[in-house]
Amino acid sequence: MLQIAVCDDEIIECCNMAKKIKDILEEMKIPCIIRQFQSGGELLHAPEHFDIVFLDIIMRDLNGLKTAQIFREKFDRILIFMSSSREYVFEAYDVEAFQYLLKPVEDGKLKSVLQKAVLKTESRSQEFIIVSRERQKKKLFLDDIYYFEIQGRVVYVHGPEGIFTYYEQIGELENKLRDKGFFRCHKSYLINLKYIDGYNRQEALLENGEKIVIAKRRYDEFVREVLKVMRKNGGIL
């Protein structure tokens, strides 16, 4: 089920865009939930985690670009800008916009962009693990995890949406994640290698700016594994 947000302070335009998106996705036989927002603040405080966000740029109070910058600090999701002006194209791509649509948005163009956006969401890894907390089961998608931090038997799951905790032994967790792109770089850390932005002999730097310590005896194996992931993801080494 796709979760989609449409944010535009012009209520009629927001409603019309949401309806067009819904009609196109129904034609594609893709189930979806679409929520409408009339301000960037409303979007940023929404409890849902959206797969695709359509965001108007010229809005009162918090404009679309500032909203996108704040959104990007928390979420790695598809952002599609809408605007009646070409003026903000380059600024939009500074926040990794997936597409920039000029208003009024042509139906054919919208359909084409939606098809590409859906394909991109489907290409995200759907692998997950099931964990237990307070007698409830929770699904954790591996692509949404930066790293696991273990303190005693408490596991802290760090991701773009914050920190989730539950209880498990690190040995059991390490076995679950074998060959899944995670590496135990220290007795207390299992790190998602796809989020490595750089490293030295003492620590790994993640794309979100965090630094994770690397145990001296694990460094050589860490380098082999991270280079393997970089090659797999298209890096030229």
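Analyst: Start with Glu 27 and Lys 111, whose side chains meet in a salt bridge at 2.7 Å, N to O. The term means a side-chain nitrogen of Lys or Arg within 4 Å of a carboxyl oxygen of Asp or Glu. Glu 27 lies in helix H1 and Lys 111 in helix H5, so the pair ties together parts that are 84 residues apart in sequence. Helices (H or I, at least four residues) and strands (E, at least two) are DSSP runs, numbered from the N terminus. Lys 111 is partly exposed, at 27% relative accessible area. Buried means under 20%, exposed over 50%, and partly exposed in between (1.4 Å probe, protein chains only).

The model is predicted: local features need pLDDT of at least 70, side-chain atom pairs count only at pLDDT 80 or more, and totals for chains, interfaces and linings use all residues. Residues are numbered from 1 along each chain as its sequence is written, and side-chain values use heavy atoms, with hydrogens and water left out.

Next, Leu 110. Beyond its neighbours within four places in sequence, Leu 110 touches Met 17, Lys 20, Ile 21, Ile 24, Phe 54, Leu 101 and Val 105 (contact: heavy atoms within 4.5 Å). Leu 110 also belongs to the largest nonpolar core, which has 23 residues. Such a core is a set of buried Ala, Val, Leu, Ile, Met, Phe, Trp, Tyr and Cys residues joined through side-chain atoms within 4.5 Å. Among the residues with the most contacts inside the largest core are Val 6, Ile 21, Leu 25 and Leu 110. Strands E1 (2–7), E3 (52–56) and E4 (78–83) each supply at least two of its residues, as do helices H1 (11–27) and H5 (107–123). H1 gives the most, with six residues. A second, separate core of 21 residues includes Ala 46, Phe 50, Ile 57 and Ala 97.

Now the other charges. The structure holds 15 salt bridges. One joins Lys 103 to Asp 8, with the closest N and O atoms 2.7 Å apart. Lys 103 sits in the loop between strand E5 (99–102) and H5, and Asp 8 in the loop between E1 and H1; they are 95 residues apart. Asp 8 is buried at 2% relative accessibility, whereas Lys 103 is partly exposed at 22%. Further along, Glu 168 and Lys 176 meet at 2.9 Å, N to O. Glu 168 is buried at 5%; Lys 176 is partly exposed at 36%. Back at Lys 103, shared partners join Asp 8, Glu 13, Asp 56 and Lys 103 into one salt-bridge network.

Rings of Phe, Tyr and Trp (its six-membered ring) pair if their centres lie within 6.5 Å; planes under 30 degrees apart count as stacked, over 60 as edge-to-face and the rest as tilted. Phe 128 and Phe 141 have ring centres 5.8 Å apart and planes at 65°, so the pair is edge-to-face. Phe 128 is in strand E6 (residues 128–133) and Phe 141 in strand E7 (residues 136–141), 13 residues apart. Phe 128 is partly exposed at 39%, and Phe 141 is partly exposed at 28%. Tyr 146 and Tyr 195 also pair edge-to-face, with centres 4.8 Å apart and planes at 85°. Both are buried: Tyr 146 at 15%, Tyr 195 at 9%. Finally, ring pairs link Phe 183, Tyr 199, Tyr 219 and Phe 222 into a cluster.
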